[in-house]
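Reader: Please take me through this model term by term, setting each value against its definition.

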Amino acid sequence: MSPMVLENDVEVGESLPPATEHAVSVSLPTWRANVGYEEGEEWVISKMKTGYPRFFIHKQIQAFAAAIAEKHGRPEESAMLFPTHAIASRCRDFFIRLAPDAQVRIVDLVPAAAKARSEELLMISPQVSAVLFPQDRFSIAKQFWQHSGDGVSSRRAEYCHHLFRQGLLIEPSSLDQSPRVCKGPRRYQKKTSIDLDSLQSSANGEVQDPDQFVEERFGRNLDLSMTKNAKLAVRRRIAGSLTADVGLTEALSLDSDKTRTRHVADFSEDDVYLYPTGMSAIFNTHRNLLKAKGQRRAIVYGFPYIDTLKITEKFGPGSLFYGFGSEEELDDLEKRLQSGERYMALFTEFPTNPLLRSPNLERIRNLADKYDLCVVVDETVGNFINVNVLPFADVVVSSLTKVFSGDSNVMGGGLVLNPKAKSYQHLKQIWNDDYVDNHWCEDGIFLERNSRDFVSRIDRIGINAEAIVDVLSAHPRVKQVNYPKTSPTRHNYDKCRNPNGGYGGLLSATFYRREDAIAFFDNLDTVKGPSLGTNFTLSSPYVILAHYAELDWCASWGVEADLIRFSVGLEDTAKLVETFKHALEAIPPH
């Protein structure tokens with residue numbers, strides 16, 4: 001049988017969406033390409049224009065890091081870039097813990113002139129802290145970059161690199177010697193600003209004048225003084241105050257006390273915090289809960305996204321892992337707690353990725369209240385339009401990179417504190433003392449714009465996903481389909497499901513034979529790459545891509561190596577159904 005001609009056959013290594021400068025996914029269109037990427041094969045690696053930002057350091061960031069290392073580093077040193085000195089210090093501490101003999105230092109770069117540090121450019125915060133380390137220890141720095149999610153964004157790197165080339169981003173010790181003055185554009189000095197509803201595309205191009213660069217890089221109608229309002233609108237959406245598609249102006253005018261989807265008294269956007277990535281929200285939650293509860297182990301319940309478990313294992317005193325997310329494991333936990341064992345927090349996803357199982361949050365909450373531990377729920381896959389997990393959690397985290405944005409061109413993370421949790425006052429004080437908004441200003445503007453139609457997209461995606469579940473479930477060569485609605489844990493999901501909530505856009509499937517999985521995947525006419533929650537359907541041999549070095553370990557928890565994950569998009573339902581049927585027909589007869 002000859003291979004099908006695929007409409008969505010994007011070249012290996014191309015960004016998804018194609019030709020998107022700050023895309024957060026990359027095309028790995030065949031099974032062989034995914035394995036080749038994991039094996040480091042040249043035919044794949046050499047073509048990678050980008051990748052998922054915590055795993056593949058964006059080329060804008062690579063170029064900026066190389067320039068800093070060349071100017072401020074020693075021979076054979078590399079640089080890893082972070083938004084603040086505090087984050088860079090955590091990277092340095094992690095590095096030294098793993099390699100005590102390594103020479104690791106931090107170079108801070110700040111705006112060169114007093115004007116650039118004035119109020120009119122504070123919302124841009126064009127600063128970077130570089131961790132310089134021996135090149136041959138790159139893998140250690142990369143671990144911190146990946147697990148923490150706190151590295152600089154590609155848009156921040158692009159902007160700051162330009163200032164650096166102009167001599168306008170320098171070490172603080174050089175400030176007194178610098179005679180240069182960087183004036184902000186006059187329009188940033190105005191007291192009024194335009195509505196972002198009239199956004200135009202940013203202009204690109206090499207610009208010599210830094211004032212002109214600020215003006216052109218962000219677009220003449222993209223007023224950065226609106227960053228604060230854009231982020232407020234995003235926080236209101238996360239708070240659940242907005243239950244319809246609204247633009248920025250309407251989002252800012254609505255009553256902030258309305259909490260129609262969270263259903264927790266006294267809750268508002270004041271309990272919502274933005275982070276550079278979803279993993280940053282998880283990493284900083286773990287870090288702050290160690291402050292709140294002391295050096296106790298964490299619990300990870302249910303098979304999680306890879307870095308959540310790695311954070312609890314590599315930072316702090318370790319973790320207790322319950323990879324099945326079963327009632328029997330909760331029985332075991334209860335016995336441990338009854339015998340006097342104490343933990344700082346239980347981390348879980350609702351539902352889990354990639355098996356789409358829903359934990360018993362009601363039972364977990366009861367155990368937490370009785371034995372003094374916090375509950376952290378990652379709602380990325382469920383999302384707050386479909387489910388309301390806040391009443392069962394102390395902290396709710398989410399990756400805004402995913403379906404909240406949808407456009408696959410910006411990273412972001414959200415964190416919510418439950419004002420009715422027993423731990424709230426203590427946690428609120430810790431967060432208020434610790435929190436710094438490191439979400440880059442331009443990323444915030446893109447995130448606000450992308451999320452305006454979030455509510456209506458959720459409904460359409462859910463309808464499409466259920467249609468695909470039906471197609472896959474009916475085929476004899478498909479071994480198992482994982483989806484919250486058809487899962488044996490559906491009753492746990494339904495306890496948290498909002499009255500009009502659906503079951504989300506993520507599902508996964510396994511086949512009886514690897515050859516069937518490969519044939520199906522290679523002939524599936526969707527784009528293929530990492531990430532989820534995109535407005536277009538995105539498929540991936542997820543376990544190979546996320547756990548290639550630990551496939552046997554995954555299998556021990558019931559997660560098969562050949563599992564394929566589907567993040568369903570907004571395409572026409574009938575066309576999407578036909579796409580999946582054609583791929584199933586491509587499976588050769590036994």
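Author: S408 is placed in the loop between strand 12 and strand 13 (413–417), where strands are DSSP runs of E of at least two residues and helices are runs of H or I of at least four, both numbered from the N terminus. The model is a predicted one, in which local features need pLDDT of at least 70 and side-chain atom pairs count only at pLDDT 80 or more, whereas totals for chains, interfaces and linings use all residues. Residues are numbered from 1 along each chain as its sequence is written, and side-chain values use heavy atoms, with hydrogens and water left out.

Reader: What makes S408 buried or exposed?

Author: Buried means under 20% relative accessible area, exposed over 50%, and partly exposed in between, with a 1.4 Å probe and protein chains only. S408 has a relative accessible area of 1%, and therefore counts as buried. The backbone at S408 also has a positive phi of about 60°, although the residue is not a glycine.

Reader: What makes a set of residues a nonpolar core, and how many residues has the largest?

Author: A nonpolar core is a set of buried Ala, Val, Leu, Ile, Met, Phe, Trp, Tyr and Cys residues joined through side-chain atoms within 4.5 Å. The largest has 83 residues, and F64, L81, F82 and L415 have the most contacts inside it. Helix 11 (residues 278–293) gives the most to this core, with seven residues. A second, separate core of 74 residues includes L373, F511, A517 and L576.

Reader: What makes a space a cavity, and what makes it a pocket?

Author: On a 1 Å grid over the protein atoms alone, a cavity is a set of points where a 1.4 Å probe fits but cannot get out, while a pocket is an open set with protein on both sides within 12 Å along at least five of seven lines; lining residues have an atom within 4 Å of a point. Grid points are joined across faces, edges and corners, and a volume is the space filled by probe spheres set on the points. The largest pocket has a volume of about 1,000 Å³, and among its 47 lining residues F55, Q146, Y305, I306 and D307 lie nearest the centre.

Reader: How do you know what classes of residue line the largest cavity?

Author: Ala, Val, Leu, Ile, Met, Phe, Trp, Tyr, Cys and Pro count as nonpolar, Asp, Glu, Lys and Arg as charged, and the others, Gly among them, as polar. Sorted in this way, the lining of the largest cavity has 11 nonpolar, 12 polar and five charged residues. P53, V152, S153, S154 and M411 lie nearest the centre of that cavity, and helix 7 (residues 154–165) gives the largest share of its lining, three residues.
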